[in-house]
Amino acid sequence: YVGPVSVTGKREIGSAAWYGGRHLGKRTASGERLDAVRATAAHRSLPLHSLVRVTNLSNGRSVIAKITDRGPVSRSLLIDVSPRAADVLDMKRAGIATVAVEPVVAAGTPAKQ
């Protein structure tokens, strides 16, 4: 998604890691395949197919990612991001980054009742 967004939920701060490698091409919890092209993420409780803004707090870079999977497996992590999201966040070399995660919707989308 590219365009203006509105924050729809509470901001969470925690650690993010990226996953790819042997996971690329495998089906995620949403049924989509993990690829290195789209910015996607795995979160334990946010709804599948929802959008989040993930911000790397060490450099201010942000990406809008679609929740397509459940995880991360490690309880010390808040979210796992795809290789594309990790590139945008400039966290691939470090592997793990402290991030803020905010649920968002496209601006102008009516709130769910």
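Start by selecting E32 and R38 in this predicted model: the two form a salt bridge, with their closest N and O atoms 2.8 Å apart. Colour by accessibility if you can. E32 counts as buried because its relative accessible area, 17%, is under the 20% cut-off. R38 is partly exposed, at 33% relative accessibility.

K66 is partly exposed, with a relative accessible area of 26%.

Next, move to E102 and R53. Here too the side chains form a salt bridge, 3.0 Å from N to O. E102 is buried, at 14% relative accessible area, whereas R53 is partly exposed, at 23%.

Now select E32, D35, R38 and K66 together: salt bridges that share partners join these residues into one network. The salt bridge count comes to 5.

For the last stop, pick T55 in strand β4 (residues 51-56). T55 is buried, with 13% relative accessibility. Show its side chain along with that of S62, and you will see a polar contact between them at 2.7 Å. Leaving aside residues up to four places away in sequence, T55 touches several others, including R61, L89 and V99.

Terms used
Residues numbered from 1 in each chain as written. Predicted model: local features only at pLDDT ≥ 70, side-chain atom pairs only at ≥ 80, totals over all residues. Heavy atoms only, no water. Helix = DSSP H or I, 4+ residues; strand = E, 2+ residues; numbered from the N terminus. Buried < 20%, exposed > 50% of the residue type's maximum accessible area, 1.4 Å probe, protein only. Polar contact = N/O pair within 3.5 Å; in protein donor to acceptor, adjacent residues only side chain to side chain. Contact = heavy atoms within 4.5 Å. Salt bridge = Lys/Arg side-chain N within 4 Å of Asp/Glu carboxyl O.
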